[in-house]
Amino acid sequence: MEKITRSEALFAEASRHLVGGVNSPVRAFGAVGGTPRFIASAKGAHVTDVDGNKYIDFIGSWGPMILGHNPPLVIDAVKKAITDGTSFGAPSSGEVELAKMVKDAFPSIDKVRFTTSGTEATMAAIRLARAATKRVRIVKFEGGYHGHSDGLLVAAGSGATTFGVPSSAGVPDFLAKNTWVLPYNDEEGLENLFMRQGINVACVIVEPVAGNMGVVVPDKSFIDTLVTLCKKHGSLLIFDEVMTGFRLAWGGAQELFGHAPDLTCLGKIIGGGFPVGAFGGRKDVIEKLAPLGPVYQAGTLSGNPVAMAAGVATLSELKSRNPYEALEKATQDLCDSIRESARKANVLVQVNECGSMFTVFFTARKVDNYFSATQADTKKYAAFFHALLERGVSLPPSQFEAAFVSTAHTPAVMEEAKKAFAGAFSAVAALGKK
Ligand SMILES: *Cc1c(COP(=O)(O)O)cnc(C)c1O
């Protein structure tokens with residue numbers, strides 16, 4: 001009898017008690033096959049599973065761990081906060097501190113509201129936009145993931161893409177029909193829609209650099225067009241920077257593009273590894289929120305003091321260290337090496353990258369929207385994913401996700417990763433010949 005691993009045993013047990021054995025679908029390895037590794041601990045650029053296997057981690061908890069796992073200054077801040085109490089349900093100073101840092105990074109934000117997840121932030125931002133414009137319809141882009149609230153689970157990316165369900169069961173048509181979906185990077189489609197329906201569009205929500213269909217970078221003119229059309233038609237523009245905020249630059253994608261959206265959604269990095277989301281924006285819009293205005297939104301654990309302390313410590317470090325150029329360079333260097341290894345192994349790939357985010361698409365053609373992303377060979381990706389795992393590298397278990405580089409990915413770690421990528425391409429090429 002073949003010996004089963006501790007991960008396999010745990011997953012079997014988990015599957016009897018948790019739906020699909022997990023608490024977020026992509027973790028179940030459904031898109032790549034095999035058994036998810038149960039992680040016992042993580043430090044710096046590495047995660048270690050319950051069987052003692054150590055991996056170079058490019059998932060980074062799906063984005064938050066820009067400083068690597070368990071950075072000492074964040075852990076110290078968290079320890080101190082826990083000593084003072086874990087939750088008060090009353091205001092505490094960490095909320096003020098983190099809000100000030102968010103505003104420093106995002107000049108388009110006059111005021112902030114913290115939530116417990118990115119999903120809540122986008123859901124509330126939409127509600128706010130509808131209240132502010134007194135319009136109902138919203139616009140999103142194919143493959144854009146904005147959390148799992150009903151109206152946003154239409155042609156959503158991320159896990160929803162992996163499972164081939166463009167929207168979810170249980171989302172009523174009467175809700176879904178209020179969400180208009182356009183292809184990413186489709187300026188003409190946008191112009192046509194606004195020409196016919198501009199007066200009915202409450203808001204457009206967009207990942208200003210897409211990460212949930214894999215990394216897809218927008219054309220500058222696409223973002224420019226979005227800004228212009230929203231202004232012209234009195235629709236609010238919502239940048240969903242849950243992934244890109246504090247990731248691509250201190251001030252997120254909007255700093256790179258030089259545009260100020262009406263509302264911004266944040267998450268992931270601002271929680272420093274704890275559950276935090278946020279939304280904020282123009283004073284006249286954000287102040288429609290209760291208790292100042294009529295738009296209701298609340299959260300028992302929102303602004304949690306421990307999570308705020310982790311966020312403040314993380315952002316302080318990012319602000320003082322300004323690692324963005326170095327992160328981008330390290331990522332470019334890795335991606336160049338990946339392209340070279342793929343070429344040598346005769347495997348056709350498109351490596352999309354932006355800042356410290358990247359995706360290796362198994363396709364010969366340019367990936368610039370959801371349709372082109374779905375042309376990628378997901379079977380090859382699955383083989384590549386497992387070949388990398390065997391070589392001690394952990395990439396997201398789906399073709400349609402972003403991989404992340406952290407400040408803990410030192411040159412030595414990256415050299416080791418490059419060798420693993422090269423080996424994995426050879427393994428994928430050999431499979432193709434069988
Ligand atoms: C992760 C993500 C969300 C959802 O955030 P959760 O904290 O998982 O609810 C929303 N929008 C984008 C762009 C994301 O990457």
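The structure is a predicted model, in which local features require pLDDT of at least 70, side-chain atom pairs count only at pLDDT 80 or more, and totals for chains, interfaces and linings use all residues. Residues are numbered from 1 along each chain as its sequence is written, and side-chain values rest on heavy atoms, with hydrogens and water left out.

Along the principal axes, the C-alpha atoms fill a box of roughly 65 × 55 × 45 Å. The accessible surface amounts to about 18900 Å², and 55% of this belongs to carbon and sulfur atoms; the areas come from the Shrake-Rupley method with a 1.4 Å probe, and for residues only the protein chains shown count as cover. Buried residues account for 56% of the 434 residues, where buried means under 20% relative accessible area, exposed over 50%, and partly exposed in between (1.4 Å probe, protein chains only). Of the contacts with a separation of 6 or more, 72% involve residues 24 or more positions apart, a contact being defined by heavy atoms within 4.5 Å.

The secondary structure comprises 15 helices and 14 strands. These elements are DSSP runs numbered from the N terminus (helices: H or I, at least four residues; strands: E, at least two). Seven strands form an open sheet with mixed pairing, in the order β4-β10-β9-β8-β7-β5-β6, two strands being paired if DSSP finds at least two bridges between them. Strands β4 (111-115) and β6 (179-182) each have a single partner strand and stand at the edges, so one side of each is left without a neighbour in the sheet. From one strand to the next, the twist averages 20°.

Strand β7 (residues 201-206) is mostly covered, six of its six residues being buried. Its pairing with β5 (residues 137-141) is parallel and extends over three bridges, and C203 in β7 stands opposite I138. The pairing of β7 with β8 (residues 236-240) is likewise in the parallel sense, over four bridges, and here V204 stands opposite L237 in β8. Together with helix α8 (residues 220-233), strands β7 and β8 make a right-handed β-α-β unit. A crossover is right-handed if, with the strands pointing away from the viewer, the path from the first strand over the helix to the second runs clockwise.

Several backbone features lie in loops. The peptide bond from A290 to P291 is cis, with omega near 10°, and P291 is placed in the loop between α10 (283-286) and α11 (305-321). K268, in the loop between β9 and β10, has a positive phi near 45° in a residue other than glycine. At 24% relative accessibility, K268 counts as partly exposed. N346 is not a glycine either, yet has a positive phi of about 65°; this residue lies in the loop between α12 (324-344) and β11 (350-354). With a relative accessibility of 71%, N346 counts as exposed.

L67 is found in the loop between β3 (54-57) and α2 (72-84) and counts as buried because its relative accessibility is 9%. Neighbours within four places in sequence aside, L67 is in contact with V74, T314, E317, L318, R321, S406, T407 and A408. The C-alpha atoms of L67 and A402 are 17 Å apart, although 335 residues separate the two in sequence. R343, in helix α12, counts as exposed at 54% relative accessibility. R343 and P208 are 135 residues apart along the chain, and their C-alpha atoms are separated by 30 Å.

Technical notes
Axes are lines fitted to C-alpha atoms, for helices over the stretch in contact, and angles run from 0 to 180 degrees between N-to-C directions.
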